[in-house]
Amino acid sequence: MYPNFKPSRHVAKASVCLLVTVGGIVSISPVMAQDTTLAPANATVLDNIIVKLPNWLRLGGKGKSDIGTTILEGELITNKTSGLGDANSILRNLPNVQYQNDSDNDAGVDGQDMINLRPQEMSISGGKVYENNFILNGIGINNVTGSQDPFGGTLGSYENTPNINEVFGLHSQTVFVPAEFLDNVSVMDSNVSARYGQFQGGVVEYTLAKPKTDKVTGSVSYGFESDSTTSYVLGTEDGLNPQNNPPPEFYRYKTSATVNVPVTDNWAVVGQYSRSGADTNKVKDYRYYGLEAEEFSENNFYRLSSRHDTDLGVFTLEGSYTDYEQEWDGYFYRDTQIMSQSKGLTSQLQWENDLDAIVFEPLGLKDVKIDARAYFNKSRTVNDGGANETLYRTVWARSAVSNTNPATWFYSTDPSILSWCQVPLASGLTGTSQLCREGGYGNKAQGQEEKGFKADIEGDFLAGTFSTGFDYRKTDAYRQADEYTLYSSNYTLLNTPLVASFTCPTGDASCSYEQYTRVKTVTPGYHNKASINSLDAYAEVDQTWDWLNVRAGVHASYEDFFGNLNFAPRLTATISPTEDFSVIGGFNRYYNADAVYYAIRNNQPFARAYNRSHTSSGVVTNWVGAGTQRYYSFLGDDLVTPYVDEFTAGIDWNDPWFDGELRIRYLNRHGKDQYLKSVDSTSSVMTLTNEGKSAFQSATIEYGKTWGLQNANLETVGLFGSLTWSKRKSTSNGYFDDPSDTRIWYNEQSYGLGDFEMVQGNMDIPIKGSLDLVTSWFDDKFKFGVTSNVILPYDGVRKTDTTCTPSVSLTAACHLPAGSEGLGMVHEIREDYRFRTAVTVDLNAKYRAFESKYGSLDLEMRVQNAFNDVGNRNAKPAQPWVPGRMVWLGAKATF
């Protein structure tokens, strides 16, 4: 299935030592290699050579007001990318981006975690992970059907019974973008232009390389990592492994190819393909004869783009497609697999042109350009569980737990069962029965289809520029499942009335001469649909008068699902007393309206039980339904659109000593009318309200500079660093959270989850810093980079893995006065904790091993978490291993 080569476990340590040694030697060599020979007196003076330094990082966008924008490109993208090339991994150390839970007390991984190739989810500027606007080549790739489910299911390697109501593998993005195809990334965490809407967190705009007409070019790459190049850390709090669980084995690889072909002097086509894959294995439960299960994941990305420059303008036709799948093979099942698939397409026809006829000199109107796009997106998440029924088979049973006489126990004699299921070891003979499971796990899907048209017009106007545009889209969303039946509770020949054998209904696979299913649960099929027509429009001017710049605009949005019309003002003023120094302040509002989370889950059916028994002659009777069919109720009508108000202040300064860029920012956000599940909701009737709220503050200092060095070896050095303090509070972490569902016991008081978050805030990682060092050597033949992330020590609150139930008793461990909220409810106990400093350092090196007029070959090594620091995270004994240092090895051929 995948390459089986796995380097020795010492490769990881040896690779780090080699990488650090080479980087150090190369760093010293320029000093040793300085040419001190004096120029002859009659030397010829040549003209100055102007060297344009690469601008790998830009602290800001096109306008002076873009103080909340960061643009990454070139070697900095390479430096920040993880080995597998997940584009989202580039963002993980940026200010106001939160992807890491430093207080996680269940950070251990299993095989499913290690083969999960989906992009990292992250919060930007205090928003939830699904409240960002991800854009690929100008078109949004966001999931409006919901990336969370309320049913609480997981697909861990050793999951016993996956929740049949859950759709596994949901993600906030519909297309998974490979980092190696990126031209640049723009991250907007504050002071966002009126051009952008539909977010409460941030905007991430991925731009892929455009087709070029100069010559045929291409590249092919391959890289890998595995458990042999990974150093696991035993993450339990006491450093022990009481269950002797081994770390998960895995192998991950990625290969990619790009071909750029000029068709004519003004027409070119580029094709790109990326494939990443992973596999792992585990031995199933003893009763399945030690059968080994092999699980895999595979992520394919396809892109084709055609760009044609004509007399009527530039036309671009392109499409990008993600085809992801990850297999789960049940540990407690004979042959049950769930294939979790994510498939996403984004396509567009783009027209760009100069509108030379639009000129009005009295208003300075000129240089007007248009960018218009018609687009079609389609995505879905599928859970393919094979057959739509699961059957439990009894291999051993006894009449009661107190029955310790093996002579009276039931042992299956059915060869059709014993051929794949054996009686557990004596230590496993607990309870009144032991079962084996077989069959499928049903089929479910959730998806959306978008058709839209958008246009942006911009140009010069008065003392600056203007821009305006709109985006209309129709979204059809759905969630569906086939009918599924679970045959779960059996009667054997031990059950009364006692008979010699059973007589089964014709064709009943859940019945045999020695046992039959007495209880089955049937989950009816369903197909829920919802549609949204959405219109976004904006207008904005950017004007400069001497030392004052003002950008003012409004973003309007309307959607017909809730019927809300929203106006989001955007205003930023910049004062520049000198050319190199600016002070910026702004007020902005952001709405996030496109959401059908509740609508497509409404009326999802409950499983209904059916019972049967047998007669004194052993005849198995017909099924009889218990109760009536019930449905989940997800209500969310007549809601207003959640929004965030933002206040920003900052300084942008080009320092006079090194000509580097210094940026200092303060950000204050308040979320209002946030979606929140009502306090009177139940597990089956959930009502969405606008009673939620949130708050976020941050202060950031950033610096970036690229140096061009005139010496024999070292050519370019880029240094980029930041330090961020932040604080976040929110009444919930998702649209299915109920602030009263989870009770917290802290400092002798009872809190609802929402109240606790608002009082204590999100104290995870209040102060963090990052530093990137990017260097190029020997005429770009060798490149070496370091990216580091530091979390300063802080006082926080952590879970204790213990619970209590408050009562009015004065001697109770958790005491509350009579009538207090929370009495009689189970509480999670949390405690104050001093979190220590945590530092992670990633290294990467690229060496050009071969180069000719036909192409080149680069060898690559990446080391994530070089010093094996897992921070303050802990793991549980059942899953005790936390990945530390990981080494990625690869090669890339370019022609």
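Buried, on this tour, means under 20% relative accessible area, exposed means over 50%, and partly exposed is anything in between, with a 1.4 Å probe and protein chains only. The model is predicted, so local features need pLDDT of at least 70 and side-chain atom pairs count only at pLDDT 80 or more, while totals for chains, interfaces and linings use all residues. Residues are numbered from 1 along each chain as its sequence is written, and side-chain values use heavy atoms, leaving out hydrogens and water.

**Stop 1**

Select R252 and E225 to begin. Both are buried, and their side chains meet in a salt bridge with an N to O distance of 2.6 Å. The pair links distant parts of the chain, 27 residues apart: R252 belongs to strand β11 (residues 250-264) and E225 to strand β9 (residues 217-226). A salt bridge here is a side-chain nitrogen of Lys or Arg within 4 Å of a carboxyl oxygen of Asp or Glu. Helices (H or I, at least four residues) and strands (E, at least two) are DSSP runs, numbered from the N terminus.

Next, pick R303 and E318, whose closest N and O atoms are 3.5 Å apart in another salt bridge. R303 and E318 are both buried.

Now move to D371 and R373, a salt bridge with 3.0 Å between the closest N and O atoms. Both of these residues are buried too. Then select K62, R195, D456 and E458 together: salt bridges that share partners join them into one network. The structure holds 47 salt bridges.

**Stop 2: paired strands**

Show residues 515-523 (strand β23) and 608-611 (strand β28), which pair in the antiparallel sense over four bridges. Pairing requires at least two DSSP bridges between two strands. Click T521 to find its bridge partner in β28, A609. From β28, carry on to strand β29 (residues 624-625), which runs antiparallel to β28 and is joined to it by two bridges. There, Y610 stands opposite G625.

**Stop 3: a nonpolar core**

Finish with L72, L91, V177, L182, V185 and Y206, which touch the most other members of the largest nonpolar core, a set of 29 residues. Elements that each supply at least two residues of this core include α2 (75-80), β7 (182-188) and β8 (203-208). Such a core is a set of buried Ala, Val, Leu, Ile, Met, Phe, Trp, Tyr and Cys residues joined through side-chain atoms within 4.5 Å.

Centre the view on L72. Leaving aside neighbours within four places in sequence, its contacts (heavy atoms within 4.5 Å) include W56, I77, I90, V185 and V187.
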